[in-house]
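Please read these points with the model open beside you.

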Amino acid sequence: MAMSGGVDSSVTAALLLEQGYEVIGMTMQIWPSGEGSGQDGDGRTCCSLSAVDDARQVAAKLGIPYYVTNLREVFRKKVIDYFKDEYARGRTPNPCIACNHYIKFSALLDRALALGANYLATGHYAQVSYSPSRGRYLLRKGLDPQKDQSYALYGLNQRQLSHALFPLGELSKDETRAIAHRWGLGVAAKPDSQEICFIPDNDYRGFLRREIPAKIQPGPFLDVEGNILGTHSGLPYYTIGQRRGLGLVAAEALYVVDIDVERNAVVVGGRDKLWRRELVAENLNFIAIPSLAGPLEVTAMTRYNSPETGARVSPLPQGRALISFAEPVRAPTPGQAVVFYQGDLLLGGGIIKETR
Amino acid sequence: MKSIYLDHAATTPMHPRVLEAMLPYLQEQYGNPSSVYSLAREAKNAVEDARKRVAQFIGASPQEIIFTSGGTESDNMALWGVAQANRGRGKHIITTSIEHHAVLDTAAALEKEGFSVTYLPVDGYGQVQVADLKAAIRDDTILISIMYANNEVGTIQPIKELGQVARDHNIIFHTDAVQAAGYLPLDVDRDGVDLLSLSAHKLYGPKGVGVLYIRRGVKVANLLKGGGQERGRRPGTENVAGIVGLGEAIRLCQGKMEERVERLRHLRDLLIAGVLAKIDHVRLNGHPEKRLPGNAHFIFEFIEGESLLISLDLEGIAGSSGSACTSGSLEPSHVLLAMGLPHELAHGSLRLTLGEENTEEDIERVLQVLPPIVQRLRDMSPLYKQRAKVSGA
């Protein structure tokens with residue numbers, strides 16, 4: 001059981017106990033080593049030192065063994081470096097997806113299996129099941145639609161899913177609350193957070209300024225015709241769809257509509273320039289089907305917790321796919337994931353490469 | 001499932017007689033030793049009795065014994081205090097690359113203050129060479145600090161020879177004897193030691209109390225300010241019960257020391273022989289003979305130490321990867337790296353340290369449980385699979 005000290009993972013551990021599982025609690029230590037606990041920040045993020053303290057207390061309350069496992073090196077390589085590289089390339093990364101695929105359901109899963117465990121459970125809101133007819137493990141949205149987190153799990157492969165337990169995804173809000181109450185976890189466990197866990201002060205611009213100063217070079221703000229409107233302070237500070245903090249004066253409200261790495265330019269335009277009819281996705285992963293043999297009608301989600309849009313997914317060469325939307329989608333962003341559903345069934349997804 | 005405690009180098013269970021000796025000073029004998037009334041005198045006497053006991057234990061006189069909060073404070077005070085009080089004589093300090101972090105981190109802090117520090121290397125067994133110490137001495141060397149026995153691999157240093165070098169050059173000599181105490185006979189005059197650190201909880205005494213021996217005439221600046229206790233060297237109301245507990249723990253471990261050591265050595269050798277016989281790709285770290293009687297320290301190739309520790313704990317066996325102070329962080333051990341072990345091997349270490357309450361049955365159980373765990377972890381290791389393929393072909 002991957003424990004963060006938060007309500008979700010704590011309730012999950014309690015639920016598994018009630019279901020008769022033998023549960024071992026683990027928290028990943030992902031912080032760069034430093035001088036003690038000084039860099040703990042406000043301690044609200046999922047794997048901070050205070051999260052370890054909270055998780056340890058919850059484990060004691062549940063009466064389960066609890067361990068901290070050191071995954072700093074792999075986390076730095078697979079998540080933090082990826083995060084920096086993507087911003088350096090003018091894209092907007094999703095570190096939680098990378099963490100789920102490379103850390104939780106890879107390094108942490110391996111540690112769990114090494115202890116003789118059969119499964120790795122997490123507090124994600126999603127449902128995993130095996131379909132004998134398809135011969136595949138399937139991933140569905142969590143029962144509570146507002147909390148669904150299947151989007152961030154689209155990258156899991158069949159082996160990873162075969163060892164995954166997401167007990168929370170099968171519960172209604174009331175059931176979750178009842179379990180928390182029964183075990184007295186509402187008070188002990190802290191609310192879950194949504195920030196980037198390795199940037200405790202939530203200032204990702206400051207983080208990038210410290211980590212990749214050379215990649216942050218001022219350049220031109222361009223309009224869609226290519227006219228220079230001003231000077232931006234470095235590509236990593238901008239994301240598509242952003243309106244605030246541009247410092248540009250214009251008759252209409254301006255948004256970031258494109259990031260042009262070759263020209264080190266941030267392209268801005270009116271609200272109408274944000275909408276896209278098509279995008280190309282790469283690094284595809286399919287869960288419900290072995291691969292994309294031909295065009296598929298799906299609903300597509302282009303950002304965590306954003307509404308889905310009807311779309312057709314068609315294979316392209318080089319393992320890519322073209323996603324054509326039934327109606328325009330606002331500000332799909334390179335580096336983010338596009339995830340395909342049919343009803344609550346997650347078919348697969350990929351990373352947005354370019355949009356048009 | 002019976003739990004088996006094999007981490008006595010981290011801490012020891014308190015002896016029931018120690019608790020018994022302490023209890024009156026936590027209850028009716030609560031006086032502050034610095035006060036004038038008779039209740040205070042009782043406490044003062046108890047502290048002084050313990051001081052005499054400690055002094056006799058290491059061949060010192062009672063006035064040279066300072067009670068502290070433990071080994072870490074003693075080490076801090078020895079390095080920081082000597083450096084500050086003797087900076088007029090020079091700013092060079094010699095220590096080793098395998099010290100406890102209480103020494104290493106204090107040395108690093110002194111470097112920031114403008115001192116220069118030489119970290120002596122060790123050989124493959126973790127021993128410091130006398131010649132290396134001689135070569136490192138400079139005109140401005142004011143302090144040499146070398147641990148008596150290492151907390152991770154258990155290697156015992158040639159303290160008497162090293163102390164002689166310090167004495168020949170008239171340099172202050174400190175030794176961290178936290179791990180050695182109770183197992184090796186200590187004698188500050190024989191060993192040429194000017195400062196010596198001890199900790200009670202490694203000797204079946206209470207946590208939170210330790211000793212710094214300071215030879216008469218050696219100048220040491222205070223870490224703390226605020227009162228006249230401990231001859232003005234360590235202000236703060238005495239931890240009376242803790243000090244009494246330390247005294248009692250020392251009294252207990254002085255009796256039958258040879259017999260106890262012999263028993264531990266026997267158990268340790270059973271453990272080492274069993275592990276080496278039952279598991280391949282394993283090596284014993286530290287010196288084969290010059291090692292603490294309760295210490296067994298192994299490297300299992302192709303294994304990641306953290307999973308090994310957790311698997312053992314799930315079987316009720318408490319071990320360590322090296323030092324409790326860095327467990328949980330599980331960075332590769334600085335001691336193993338200093339001994340020349342490659343980074344990837346240094347990750348697969350297991351330290352089992354035996355104590356009074358361990359039995360032959362405990363060792364048998366470890367020898368039953370450990371090999372299948374090692375095999376399971378290896379079966380999951382890609383490196384091991386690669387190796388198996390190569391040697392199978």
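1. The sheet in chain B. This model is predicted, and chain B contains an open sheet of seven strands. Their order across the sheet is E2-E8-E7-E6-E5-E3-E4, and the pairing is mixed.

2. The edges. Which strands of chain B pair on one side only? They are strand E2, residues 65–68, and strand E4, residues 116–120, the edge strands of the sheet in chain B.

3. One pair of strands. Strand E5 of chain B covers residues 141–145, and strand E6 of chain B covers residues 172–176. These two strands run parallel and are joined by three bridges.

4. Domains of chain A. The domain assignment gives domain 1 as 7–123 + 166–188, domain 2 as 217–269 and domain 3 as 275–355.

5. Where domains 1 and 2 of chain A touch. How many residues does each domain bring to the contact? Domain 1 of chain A gives five residues, and domain 2 of chain A gives five residues. On the side of domain 1 of chain A that touches domain 2, two residues are nonpolar, two are polar and one is charged.

6. Confidence in chain A. The average pLDDT of chain A is 89, and 92% of the residues score at least 70. Over residues 33–44 of chain A, however, the pLDDT is below 50. Beyond near neighbours in sequence, that stretch has 16 contacts in the model.

Definitions and conventions
Residues numbered from 1 in each chain as written. Chains lettered and ligands numbered in written order. Predicted model: local features only at pLDDT ≥ 70, side-chain atom pairs only at ≥ 80, totals over all residues. Pairing = 2+ DSSP bridges. Helix = DSSP H or I, 4+ residues; strand = E, 2+ residues; numbered from the N terminus. Domains from an automatic or database assignment. Contact = placed C-beta atoms within 7 Å. Nonpolar A, V, L, I, M, F, W, Y, C, P; charged D, E, K, R; others polar. pLDDT = per-residue confidence, 0-100.
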